[in-house]
Amino acid sequence: MSSHEPEVYTVAPEMPAMFDGMKLAAVATILYIIVRCLNLKSPTAPPDLTYQDTPLHRFLLKSCPILTKEYIPPLLWGKSGHMQTALYGKLGRVSSPHPVSLRKYLPMQDGATATFDLFEPLADHQSGADVTMVICPGIGNHSEKHYIRTFVDHSQKQGYRCAVLNHLGALTNIELTSPRMFTYGCTWEFAAMVGYIKKTYPQTQLVVVGFSLGGNIVCKFLGENRAHQEQVLCCVSVCQGYSALRAQETFLQWDQCRRFYNFLMADNMKKIILSHRGSLFGGGSPKMVDADLRRLYTATSLMQIDDIIMRKFHGHSSLKEYYEKESCVHYIHNVNVPLLLVNSGDDPLVHESLLTIPRTLAEKKENVIFALTLHGGHLGFFEGAVLFPQPLTWMDKVIVGYANAICQWEKQKPPCQGQDGGGCALHC
């Protein structure tokens with residue numbers, strides 16, 4: 001009798017194959033998210049320009065070709081407005097230089113002390129003229145910020161003297177001498193700096209430059225008094241929002257993470273204010289009380305801080321009145337000198353609805369060019385091949401290039417009779 005062993009069939013386990021499929025799907029999902037978040041499929045393009053066809057603008061676009069060429073950000077991350085903004089916010093710039101300056105202190109009528117840093121040119125200007133850049137930084141910023149130092153160093157090497165306003169209270173190691181600090185649209189300190197430059201260098205011509213909040217201040221400064229445009233060759237504003245009243249609603253939205261950025265900026269503002277609590281909330285401050293200090297600790301947005309603290313520095317009765325009175329949108333149409341307004345289409349802080357303001361202005365006024373880039377974030381505008389950005393940004397180059405072209409135009413045009421405030425530059 002023969003016995004037969006039962007045949008045993010082994011089935012290959014399917015679990016590893018299933019896991020491999022899951023891994024592949026996970027990798028594909030991650031890659032898809034990276035491509036979407038970093039906007040890798042987005043094309044590069046020249047800035048979208050809005051302007052009137054005038055002899056000046058034809059000359060400027062020919063003499064400042066960077067405005068008509070592609071802006072090419074670093075390939076792997078430069079097409080993400082969030083990455084550009086984060087790198088600007090965290091590092092400011094790469095390999096930032098250390099230009100040498102002299103700090104100036106200017107007493108104000110209300111007892112405050114304005115400060116600015118003065119940087120002398122490192123070369124002769126190509127036009128042979130004496131030209132000074134008067135620069136207003138972004139919110140809570142000052143002359144020691146890396147992006148300011150990089151821009152100043154580049155401008156000095158091109159023959160420009162630079163004067164950089166330190167926003168009142170922004171330098172925490174300089175005590176306030178009155179119960180007041182900088183606000184969204186107060187032009188007092190900037191006006192004092194410009195007045196000092198005009199008095200000290202009577203032959204100089206001015207190039208006015210503002211970054212973000214500083215762009216609002218310089219455009220408001222030029223537009224609120226026609227005399228402020230005397231000796232001014234041109235003005236450049238980068239990444240401003242034009243109307244705080246219209247911007248406040250967008251800052252409460254989660255679209256483009258604006259609510260998160262709002263929280264971060266509010267936290268930074270709280271630190272600046274609290275570093276001066278002795279001056280702002282002491283016995284010498286009739287506008288601030290202890291209840292305001294307690295409310296400040298719990299604030300989570302810039303609007304709350306503006307309502308609790310900032311509007312009271314100038315006696316505004318409401319947040320709406322504060323935003324209305326301090327926004328350049330009500331003054332910028334009075335600016336008659338050549339004006340370059342630069343914004344980025346992927347700036348997470350400036351909602352696209354706000355960009356109708358500069359676009360409409362450029363369509364109506366013959367002194368204005370509005371340049372809108374596809375990429376650049378908020379004050380980023382980094383350039384580079386794949387991963388590592390260059391020390392000098394597109395923003396630095398375009399401001400100096402535009403200013404150089406304006407100086408060239410002024411040098412070669414015939415003298416004008418009977419015009420002032422910049423109107424001459426547009427027609428001769």
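Helices (H or I, at least four residues) and strands (E, at least two) are DSSP runs, numbered from the N terminus. The model is predicted: local features need pLDDT of at least 70, side-chain atom pairs count only at pLDDT 80 or more, and totals for chains, interfaces and linings use all residues. Residues are numbered from 1 along each chain as its sequence is written, and side-chain values use heavy atoms, with hydrogens and water left out.

**Overall make-up**

- The protein chain has 15 helices and nine strands.
- Of its 428 residues, 55% are buried.
- Take the contacts (heavy atoms within 4.5 Å) in the protein chain with a separation of 6 or more: residues 24 or more positions apart account for 78% of them.

**Helix α14 and its partner α2**

- Helix α2 (residues 55-63) packs on α14 at an angle of about 125°, with the axes 9 Å apart. Axes are lines fitted to C-alpha atoms, for helices over the stretch in contact, and angles run from 0 to 180 degrees between N-to-C directions.
- The two helices are therefore oblique to each other. The classes are roughly parallel under 35 degrees, roughly antiparallel over 145, roughly perpendicular from 65 to 115, and oblique for the rest.
- The crossing of α2 and α14 is right-handed. A crossing is right-handed if the near helix is turned clockwise from the far one by less than a right angle, and left-handed if anticlockwise.
- From α2, the contact uses P55, L56, F59, L60 and S63; from α14, it uses Y402, A405, I406, Q408, W409 and Q412.
- By class, those residues are eight nonpolar, three polar and no charged. Nonpolar covers Ala, Val, Leu, Ile, Met, Phe, Trp, Tyr, Cys and Pro; charged covers Asp, Glu, Lys and Arg; the others, Gly among them, are polar.

- Helix α5 (residues 188-200) has 13 residues, which should span 18 Å at 1.5 Å a residue. Its end C-alpha atoms are 18 Å apart, which agrees.
- The buried residues of α5 are E189, F190, M193, V194, I197 and K198.
- These buried residues pack against strands β2 (102-107), β3 (113-119), β4 (131-136), β5 (161-166) and β6 (205-211), and against α6.
- Helix α6 (residues 213-224) packs with α5 at an angle of about 65°, the axes being 10 Å apart. That makes α5 roughly perpendicular to α6.
- The crossing of α5 and α6 is right-handed.
- F190, A191 and V194 of α5 meet I217, V218 and F221 of α6. The contact has six nonpolar, no polar and no charged residues.

**Helices α8 and α10**

- The axes of α8 (residues 258-275) and α10 (residues 290-298) come within 10 Å and cross at roughly 150°. The pair is therefore roughly antiparallel.
- Here the crossing is left-handed.
- K270, I273 and L274 of α8 meet L293, L296 and Y297 of α10. The class count is five nonpolar, no polar and one charged.

**Loop residues**

- T204 sits in the loop between α5 and β6. T204 is buried, with a relative accessible area of 1%.
- Not counting residues up to four places away in sequence, T204 touches D130, V131, T132, R161, I197 and Q231. Its C-alpha atom is 10.0 Å from that of M133, 71 residues apart along the chain.
- Q231 lies in the loop between α6 and β7 (232-238). Its phi is near 70°, a positive value in a residue other than glycine. Q231 is partly exposed at 33% relative accessibility.
- C257 lies in the loop between α7 (244-250) and α8. Its phi is near 60°, again positive in a residue other than glycine. C257 is partly exposed, with a relative accessible area of 35%.

- L49 lies in strand β1 (residues 48-50).
- L49 and L372 are 323 residues apart in sequence, yet their C-alpha atoms are 6.5 Å apart in space.
- Leaving aside neighbours within four places in sequence, L49 contacts L61, L67, T68, I369, F370 and A371.

Note on methods. The expected span of a helix is 1.5 Å times one less than its number of residues. Buried means under 20% relative accessible area, exposed over 50%, partly exposed in between (1.4 Å probe, protein chains only).
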